[in-house]
Amino acid sequence: MSLQTYGWLVLLFPLGGTVLIALTWSVLPWKLHGYLGTLAIFLSFLCAVGALFELQDRGEEERQVVTVAWDYANTVGVDAQLSLLLDPLSVFMALVVSGISTLIHLYSVSYMASDRGYTRFFAYLNYFVFSMLLLVLAGNFFFLIVGWAFVGAASYLLISFWYRRTTATAAGIKAFVINVVGDVGLVLGTYFIFKRTGSLDFLRAFEGVQEFSRNEGDLVAGCLLLLVGAFAKSAQVPLHTWLPDAMEGPTPVSALIHAATMVTAGVYLIARMHPFFEQAPAAADVGAILGCATLLIAASIGLVVTDLKRVIAYSTMSQIGYMVMGVCSAAYAAGLFHLMTHAFFKALLFMAAGSVIAAMAGEQNLDRMGGFRRAMPFTFGCMVIGGLALAGVPPFAGFFSKDEILSLVIAREDWHVVLGVLGFVGSLLTAIYTWRMIFRAFFNEPVEQAHELEHGHLYHAPEHTNPATGEVEDTDVGFPGPDHHIAEREWSMKVAMALLAVGAVFAGVLQIPKVTDVLHTFLEPSFHDSRYYESLEPSDGLTWIGLAVGALLALSGIALAYRLWVQDRARPGAIRARLAAVHGFLVRKWYFDELIDAVVVRPFAWFGRFARDVFERVVVNGIVVGGPTGAVRAGSAAVRAVQSGFLRYYAALLLVGVTGLGLYFLIAAS
Amino acid sequence: MAEVFFFLAAIGALAGAIGTVALRNPFYSVLSLVCHLLSLAALFLLLRAEFLAAAQVIVYVGAVMVLYLFVVAYVGGGEDPIRAAGSPGLRWASALFAGALFVELSIAVLGTGLTAFGEEGSGWFAGYGTPGEIGRLLLTDFLLAFEAASILLLIAAVGAVILARRRAGLEHPREISVAEMLRRGSRDEMTGGEAGTMIEAGGPPQR
Amino acid sequence: MNIEWYLVVSALVFCIGAGGILVRRNPLVILLCLELMLNAGNLALVAFARAHGNQDGQIFALVVMVVAACEVAVGLGLIVAIYRRRLPIDVDELRELQG
């Protein structure tokens, strides 16, 4: 089949999956829906692989193919078509998305098995994968925005999946609102670009980038607005506050959407729009600085949070900060490479965390966990692999990808060197908080749940509660199901986690510095118009120093974490007591929530109250509506007075009328 | 000589008219109107409308005004205070507009270009205005008007009887009063005059 | 006498009648004023007949007289009925159609 056919099939399989599951929700047995969903995404993955082969069969110059399904609108200079752009970048993203999604679907087949909303879950998941693929395969801004919005909707639906939990629905709304802010930024940014280039199609718009002069105001504004969109979707400072709350969703959702795929959409956007960002370096610099800031802020918060999933969420935020910093500093291949490896080990970490939480019967607090090493060996092994990859220990995947970003950033020279150095500091912090989590959950004395599991008995809590607030829940639809599934007992979870572990270990092979250059070469046709892609390269000395420093920092971070949370268990408490103010500041997440509440939420709420009490009541009801109605009422009251019933008034009117008529005729006749 | 009679009759007509309007007691108003009608009959004679003058006296004065007198005697009608329920302004406004109408009509009449008005009228033939001539016209040229007028008289007579009918004169009022049939019962203690229009009180008010 | 004089007298009587309708409250007197206006019309008709030299105006005046008689009969019947219902004989009070 041709490349175009593969491209459309990649989209159509998840769409068909979601429609089929939704329409047959009561007809087919529920277990079948899980397999259907997984199969749909797997077929999509196969088509992506097919597209990859077709693409590579073509010559180097022909690797950017646009396929149009339907001309939606072509008026007033706006050309909105249903078109896909199939080039190395989009095929790469499609492979990552569909591959990871298949494994997560497989994981969810067992993980969500006792949930009453099982079918709904798979329908939503398929819909999400469809939207994400639409986003990455889109060939023009119009389709991109459609995919962007769909992904936001899917995120909302899945975060509030357990919809009777108020914390979940609040988190879903928070995520959606911040995403909408990003949507507005994206659309406005598109407008700024479209205004000058005159086309919504990507390739044509890229050709039109020369219409802008370097760092021209319009272009910088447009790129900054695109950054707003990217940062909202990728949870970067200052639009990041929704991601930790989004952990209210089920663990597979966190793995898929908030680690591997949706939050990387921002990175993809910046990479795709690289012609504009290179022409407006001011905006790219802003993005790089904010990415660096995010990675440090998130890493610092990750050091103190006690909820297992939230540690991993802040880790995601931090790693995406690396990716953003990378693509904003024109290290495109490195950033995307880190995107791929991060997808592997972060999804793996989330899956393992899901297994641990299941063993704890829904409890997510690290303070209550401990010593699961012997009870859950497989989960432990996966967690260790993911942790080593995340910390950046050679030869795991995260080591190569993260160091490539940092060395390329430093290779940019000028002030980017500072960003690179801060990135190294961040990798030390990364190692510390990752292994803090692993040591606290798996080492030291086993807790009661671990003891029971060692004797082959899965712990059941006396009553089901909301892990965050402790409210009692039932297990009907809208709340989690009664049973919990751990990896050691479910084959599908094991298979999914094993495949991801393999990826986390070996994916680094793709881009070993000076040895292999697979990804860089593969992506080259997408970035042929970039002035940095070929030229930006670190010197040999810089590369070796970078690798050495990175490995050293990772290992020392792990050692430090071992010291603090296994050997000298009292030290963390003592440190916290001494730096109580700092600790408080970090636990409050740098007061970002309070800041946004004061700066954004309260003024809007005030404005809403003002609109309701003053504007609506006085202006609209009083003047605009009341004015004409009052006038009509007064007029009709005046007219009503004529109908008095007095005979003599009527007679008088007759007389006056006759007199008037007579006068008229007199005058007319004279 | 004719002028003298004209002015006498005209003054009589005007005096009668003013008296009808201005006199408080309705009885006196009726009598004033009688005087006016008689003067008008005189004017008709001056205009050679002999039959019409006679009809005016016999029918209008002799029948219609006598009917009026009967009704005024029955109904009474007290002093009519000139305090208008509207306002004194209404009085002055009506006087003003009536006067304006008169002025207009006078202008129309006096300023007309029709030549016949400036004289005594066109020539008249013997038998002009006599009953014979009127009768001949009624039965030939104006037969339709004549017949229609007679039907109108019949209808008016029937209507007047029904309107002013007394309940006591019927053997079984319930048969006729439809409105009452719709409202069963409690008719015996009816004070009368509180129900539908067809139920009259038994004669003049007794309580 | 010229025909004009008769017409002026007719106009004057007509306007007196019109004014009378407006100022009086007793419906009986209002009917009387109505009679005034009708008679003024009669006078005008007869004067015009004399002016034209034929008797059409007189026939018209005769029919008007018939109509006036009928109308008086019905109107007075109405007033009697109102009186029997114990309603005030005052056009300003008789304002509403109900009851």
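Start with chain A of this predicted model and colour its two domains: domain 1 covers 335–529 + 536–587, and domain 2 covers 593–669. Draw a line between the C-alpha centres of domain 1 of chain A and domain 2 of chain A; the separation is 70 Å.

Select the residues where the two chains touch: 11 residues from chain A and 12 residues from chain B. On the chain B side of this contact, colouring by class gives 9 nonpolar, 2 polar and 1 charged residues.

Chain C has 3 helices and 0 strands, and its order along the sequence is α-α-α. Why is chain C described as more spread out than a compact globule? The radius of gyration of chain C is 17 Å, whereas the globule rule gives 13 Å for 99 residues; the value is well over the rule, so chain C is more spread out than a compact globule.

For contacts in chain C with a separation of 6 or more, 45% come from residues 24 or more positions apart.

Bring chain B back beside chain C. Their contact takes 76 residues from chain B and 63 residues from chain C. Which helices of chain C each supply at least two residues of the side that touches chain B? Select α1 (3–23), α2 (27–52) and α3 (56–84) of chain C; each of them does. The largest share of that side comes from α3(C), with 21 residues. By class, the side of chain C that touches chain B holds 43 nonpolar, 11 polar and 9 charged residues.

For the last stop, select helix α1 (residues 2–22) of chain B together with α1(C). The two axes come within 9 Å and cross at roughly 10°. α1(B) and α1(C) are therefore roughly parallel to each other.

Show the side chains where these helices meet. From α1(B), pick Phe6(B), Ala10(B), Ala13(B), Leu14(B), Ala17(B), Ile18(B), Thr20(B) and Val21(B). From α1(C), pick Trp5(C), Val9(C), Leu12(C), Val13(C), Ile16(C), Gly17(C), Gly19(C) and Gly20(C). Coloured by class, the residues of this contact of α1(B) with α1(C) are 12 nonpolar, 4 polar and no charged.

How values were computed:
Residues are numbered from 1 along each chain as its sequence is written. Chains are lettered from A and ligands numbered from 1 in the order in which they are written. This is a predicted model: local features need pLDDT of at least 70, side-chain atom pairs count only at pLDDT 80 or more; totals for chains, interfaces and linings use all residues. Domain bounds come from an automatic or database domain assignment. Two residues are in contact if their C-beta atoms, placed from the backbone, lie within 7 Å. Ala, Val, Leu, Ile, Met, Phe, Trp, Tyr, Cys and Pro count as nonpolar, Asp, Glu, Lys and Arg as charged, and the others, Gly among them, as polar. Helices (H or I, at least four residues) and strands (E, at least two) are DSSP runs, numbered from the N terminus. The radius of gyration is taken over C-alpha atoms; the globule rule is 2.2 Å times the number of residues to the power 0.38. Axes are lines fitted to C-alpha atoms, for helices over the stretch in contact, and angles run from 0 to 180 degrees between N-to-C directions. Angles under 35 degrees count as roughly parallel, over 145 as roughly antiparallel, 65 to 115 as roughly perpendicular and the rest as oblique.
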